[in-house]
Amino acid sequence: MAQKYIDNYREKGARKRLVDLLEKKGIQDKEVLKAIGTVPRHYFFAETFWNQAYKDIAFPIGEGQTISQPYTVAYQTELLHIRKGDKVLEIGTGSGYQTCVLLEMGATVYTIERQEKLYEKTKYVLPEKMGYKAHFFCGDGSIGIAQHAPYDKIIVTAGAPTVPEILLKQLRIGGILVIPVGDEETQKMVTILKVAEHDYEKIVLDTFRFVPLVGDKAW
Ligand code: SAM
């Protein structure tokens with residue numbers, strides 16, 4: 001059955017309640033909350049599962065992958081301190097939900113997914129069905145996308161064993177990398193600010209559980 005793209009009062013109401021919940025859980029950036037309140041998350045779900053779309057949970061999207069939990073998306077996005085016009089590299093496109101949140105905030109997004117089926121689907125659905133335009137790539141994002149560097153911000157939406165040096169090289173000075181780092185079970189959210197060419201400020205934050213980042217500079 002064809003996927004439906006209808007945003008009615010029921011979904012709008014559920015989205016508003018999700019935003020209220022995220023605020024209660026500690027998300028403060030008004031622009032992040034506004035973006036979450038705008039992106040129709042139910043479009044990423046088959047209609048039978050629309051009642052799950054505005055729960056604060058991750059959900060399967062096929063190929064053994066998940067659409068991230070809204071709190072995780074909000075948390076990572078808040079750490080990026082997005083400004084309009086920021087050039088952002090997203091590693092792990094998945095459903096494209098995080099991509100849409102970044103686009104809503106006025107970022108230019110380069111996004112890379114290693115699973116070809118997800119890449120093909122998202123590259124079609126976002127611009128054609130939802131009107132969200134990003135630069136889509138298929139491949140191993142653990143090595144970044146050197147040809148479009150430097151980036152103002154880099155977000156990794158899968159769990160890495162270590163911080164890939166190569167991603168730090170692709171950051172502009174003053175840029176921020178947000179990446180979950182840990183073992184296959186749990187990861188700590190890490191933010192790294194590139195202060196100067198070889199000078200970084202690292203902060204280790206809360207614990208999350210992501211699918212693994214698989215690639216040359218990853219698992
Ligand atoms: N932000 C996405 C969303 O909202 O749907 C999250 C998707 S999921 C948590 C993480 C994604 O990272 C998966 O789709 C997975 O295939 C992808 N991935 C894992 N390793 C990767 C790599 N080396 N390069 C690109 N994508 C990768």
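**Entry 1: Glu63**

I started at Glu63, which is partly exposed because it has 14 C-beta neighbours inside 10 Å. The scale I used calls a residue buried if 20 or more other C-beta atoms lie within 10 Å of its own, exposed if 12 or fewer, and partly exposed in between, with C-beta atoms placed from the backbone. This is a predicted model, where local features need pLDDT of at least 70 and side-chain atom pairs count only at pLDDT 80 or more, while totals for chains, interfaces and linings use all residues. Residues are numbered from 1 along each chain as its sequence is written.

Glu63 sits in the loop between strand S1 (59-62) and strand S2. Helices (H or I, at least four residues) and strands (E, at least two) are DSSP runs, numbered from the N terminus. I also checked the backbone there: Glu63 is not a glycine, yet its phi is positive, about 60 degrees.

**Entry 2: the whole chain**

I counted 6 helices and 9 strands in the chain. The C-alpha trace spans about 50 × 35 × 35 Å along its principal axes. Why does the radius of gyration of 16 Å agree with a compact globule? Because a compact globule of 219 residues would have a value near 17 Å. The radius is taken over C-alpha atoms, and the globule rule is 2.2 Å times the number of residues to the power 0.38.

Of the 219 residues, 42% are buried. I looked at contacts too (C-beta atoms, placed from the backbone, within 7 Å). Among contacts between residues at least 6 apart in sequence, 56% join residues at least 24 apart.

**Entry 3: Ser68**

Next I looked up Ser68, which an unreviewed UniProt entry lists for "active site". UniProt positions are in the numbering used here, feature names are shortened, and annotations may be inferred rather than shown by experiment. I found Ser68 in the loop between strand S2 (65-67) and helix H3 (70-80).

Is Ser68 buried or exposed? Ser68 is buried, because 26 other C-beta atoms lie within 10 Å. Setting aside neighbours within four places in sequence, I get Ala58, Val73, Tyr97, Gln98 and Thr157 as its contacts.

**Entry 4: around the ligand**

Which residues come nearest to the ligand? Of the 26 residues around it, they are Gly92, Gly94, Gln98, Gly141 and Gly215. A residue counts as near if its C-beta atom, placed from the backbone, lies within 6 Å.

I sorted this shell by class and got 11 nonpolar, 12 polar and 3 charged residues. Here Ala, Val, Leu, Ile, Met, Phe, Trp, Tyr, Cys and Pro are nonpolar, Asp, Glu, Lys and Arg are charged, and the others, Gly among them, are polar. S2, helix H4 (97-104) and strand S4 (108-113) each give at least two residues to the shell. S2 has the largest share, 3 residues.

**Entry 5: helix H3 and what follows**

How many residues of H3 are buried? I found 9 of its 11, which makes H3 mostly covered. The buried ones are Pro70, Thr72, Val73, Ala74, Tyr75, Gln76, Thr77, Leu79 and Leu80.

H3 is followed by His81, with its positive phi near 50 degrees, and His81 is not a glycine. His81 lies in the loop between H3 and strand S3 (87-91). I put His81 down as partly exposed, because it has 16 C-beta neighbours inside 10 Å.

**Entry 6: the core**

I then went to the largest nonpolar core, which has 57 residues. Such a core is a set of buried Ala, Val, Leu, Ile, Met, Phe, Trp, Tyr and Cys residues joined through C-beta atoms within 7 Å. Touching the most other members are Ile36, Val101, Leu102, Ile154, Val156 and Val178. I followed up Val101: leaving out neighbours within four places in sequence, it contacts Ala35, Ile36, Val39, Val73 and Thr77.

Ala149 and Pro150 are joined by a cis peptide bond, with omega about 5 degrees. I placed Pro150 in the loop between strand S5 (135-138) and strand S6 (151-156).

His198 is in the loop between strand S8 (187-196) and strand S9 (199-208). I call His198 exposed because it has 7 C-beta neighbours inside 10 Å. From His198 to Lys169 I get 8.9 Å, C-alpha to C-alpha, with the two 29 residues apart in sequence.

Glu23 is in helix H1 (residues 9-24). It is partly exposed, because 15 other C-beta atoms lie within 10 Å. Glu23 and Gln65 are 42 residues apart in sequence and 27 Å apart in space, C-alpha to C-alpha.

Terms used
Contact = placed C-beta atoms within 7 Å.
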